[in-house]
Amino acid sequence: MKKIGLFLGCNIPFNRPDVEYSIRYLLNELGVEIVELEGATCCPAFGSMPSLDVVGWATASAWNLTIAEEKGVDIITGCGSCYGSLNEAKYHMDKHPEIKEQVNKILSTVGKEYKGTSKVWNVINYLYEEIGLDNLKAKIKYNLNGLKCAVQTGCHNLWPSKAYPTNEDNTFNPTRMREICEALGGVAPHYSTITDCCGMGALRSQASAKSLALFKKKLDVIKEEIDPDVCITGCNSCLMQFDAGQALLIEQKKLNYKIPALHIAQLVAIALGADVEKATALATIPLNGVITKIKGGN
Amino acid sequence: MEEVTVNVIDLNQCDEDFIKQLIELGAEELKECIQCGKCASTCPMALAGLEFFIKRIIHAATLGLRDILIEDPSVWACQSCNRCVEICPMDVKPYEIIQAVRRAAVRVEACPASTYEGLRNLYRFGHAVFPKGFEERRKKAGLPEKPPTALSFDELRKKYQEVLKQTILEEIAPFPLD
């Protein structure tokens with residue numbers, strides 16, 4: 001039986017625990033044993049330790065990586081920032097022995113050692129490579145019935161590509177999420193701003209209006225070019241922008257349409273038969289139409 | 001955000017020591033920049049309309065324009081998306097320069113209040129992002145009130161704090177690490 005360490009981070013367990021529920025559900029349904037990473041912390045977020053120095057950043061990340069190493073498992077995360085921060089810290093330590101040495105000197109005082117033996121996966125690549133599209137297809141209970149999906153992979157799931165153990169063939173033309181949606185019975189056309197940033201993150205914290213305006217530009221292109229039933233994100237922060245951020249634009253009367261949004265883990269969990277109430281518990285934009293379409297043909 | 005004008009550069013403001021500090025803080029390839037502007041073509045900050053975006057930040061860094069870099073908050077709006085790192089033809093790693101500027105800025109306490117808030121939450125709870133009301137949200141998703149992170153394990157959280165105390169946080173945090 002496959003095993004994987006579930007790295008939660010902050011935004012998923014505290015802001016969008018319905019994504020946590022969905023990741024747990026889909027791993028269970030796909031026969032992957034979830035290993036809890038007890039005592040794990042923030043990845044750490046880019047605005048925290050990484051903005052102080054490299055060794056502090058790597059030490060905070062290594063705390064998390066060693067929890068998985070001690071249990072002999074790889075890590076999976078549904079958050080782009082966690083995927084980026086953990087992998088980049090790992091890259092710094094694996095490339096620069098002097099950084100790793102300083103980190104281990106600190107960790108040794110609490111009886112820990114970073115070895116570099118656990119890989120860090122995101123949900124997209126784990127489904128694509130470790131589960132496989134044919135296997136996924138064979139296990140779904142609800143076909144998506146042609147549900148039209150606009151996919152948003154998310155910056156940190158793609159770049160910096162050198163820090164990642166696996167990636168898209170062309171990070172500026174990502175196809176893995178489109179292929180996953182199509183394997184579930186949906187359609188997921190390309191659109192011209194597919195790799196554009198959603199604006200969530202530091203930009204949203206420091207320049208909220210500009211962040212939302214950037215997001216609206218992207219959303220307008222999605223609406224005009226493919227007019228989807230739903231937006232599917234590979235990153236939890238993107239989900240928060242596509243859902244709550246979009247609702248904010250509507251409230252501010254800056255947007256006169258709405259497109260519901262799901263994390264890829266939520267979409268897969270629903271297709272595998274998850275409790276929809278729990279899997280979408282924190283969504284702001286109603287998903288009724290999406291769920292009806294998924295469940296309609298079965 | 002305030003408009004920043006860097007069109008006229010007073011070369012008397014160039015600070016060689018600041019350039020050295022940035023290089024020590026991670027901007028190792030700073031001097032390789034040829035100002036081609038590829039980073040700006042893909043930077044969300046630039047596309048969102050921030051005046052002082054990646055290419056201009058790197059330019060100011062190569063000249064050691066310390067005051068502009070420390071005082072302007074734009075570096076804190078960087079998404080850490082790494083598009084610039086991916087496409088830079090000189091492998092300058094522009095994002096690492098943004099981080100170096102942030103690192104220089106926190107050393108003189110020139111960062112947004114949210115930075116300290118995140119660091120305080122990271123130290124106290126093990127989570128930089130720690131929004132109120134999560135217990136209720138977790139219940140809605142059918143999950144236990146607390147996740148199985150450091151939040152649920154006092155001993156492990158204390159150990160984590162012991163680890164953080166041995167990092168740069170000990171010098172920089174404007175709050176007691178106790």
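**View 1. The oblique pair α2(A) and α12(A).** Helices α2(A) and α12(A) are oblique to each other, because angles under 35 degrees count as roughly parallel, over 145 as roughly antiparallel, 65 to 115 as roughly perpendicular and the rest as oblique. Their axes come within 8 Å and cross at roughly 50 degrees. For reference, axes are lines fitted to C-alpha atoms, for helices over the stretch in contact, and angles run from 0 to 180 degrees between N-to-C directions. Helices (H or I, at least four residues) and strands (E, at least two) are DSSP runs, numbered from the N terminus. The crossing of α2(A) past α12(A) is left-handed (the near helix is turned anticlockwise from the far one by less than a right angle; clockwise would be right-handed). On the α2(A) side, look for A:Asp18, A:Val19, A:Ser22, A:Ile23, A:Tyr25 and A:Leu26, which meet A:Ala265, A:Gln266, A:Val268 and A:Ala269 of α12(A); contact requires C-beta atoms, placed from the backbone, to lie within 7 Å. By class, this contact has seven nonpolar, two polar and one charged residues, where Ala, Val, Leu, Ile, Met, Phe, Trp, Tyr, Cys and Pro count as nonpolar, Asp, Glu, Lys and Arg as charged, and the others, Gly among them, as polar.

A word on the model: it is predicted, local features need pLDDT of at least 70, side-chain atom pairs count only at pLDDT 80 or more, and totals for chains, interfaces and linings use all residues. Residues are numbered from 1 along each chain as its sequence is written, while chains are lettered from A and ligands numbered from 1 in the order in which they are written.

**View 2. The open three-stranded sheet of chain A.** The strand order is β5-β6-β7 (chain A), with parallel pairing; strands pair if DSSP finds at least two bridges between them. β5 (149-152) and β7 (261-263) of chain A stand at the edges with a single partner strand each, so one side of each has no neighbour in the sheet. From one strand to the next, the twist averages 25 degrees. Four bridges link β5(A) to the parallel strand β6 (residues 230-233) of chain A, and A:Val151 is found opposite A:Ile232 in β6(A). Helix α11 (residues 236-251) of chain A packs on the sheet, touching β5, β6 and β7 of chain A, and its direction makes about 160 degrees with that of β7(A). Helix α12 (residues 264-271) of chain A also packs here, touching β6 and β7 of chain A, at about 85 degrees to the direction of β7(A).

View 3. The assignment, automatic or from a database, gives domain 1 (2-122) and domain 2 (141-296) of chain A. Domain 1 of chain A brings 25 residues to the contact and domain 2 of chain A brings 27 residues. On the domain 1 side, α2(A) gives the most, with nine residues.

**View 4. Helices α3(A) and α5(A).** Helix α3 (residues 54-71) and helix α5 (residues 97-108) of chain A pack at an angle of about 60 degrees, with axes 9 Å apart. The crossing of α3(A) past α5(A) is right-handed. Their contact has eight nonpolar, three polar and no charged residues.

**View 5. Chain B against chain A.** Here 59 residues of chain B touch 56 residues of chain A. α10(B) supplies the largest share of the chain B side, six residues.

Notes. Two residues are in contact if their C-beta atoms, placed from the backbone, lie within 7 Å.
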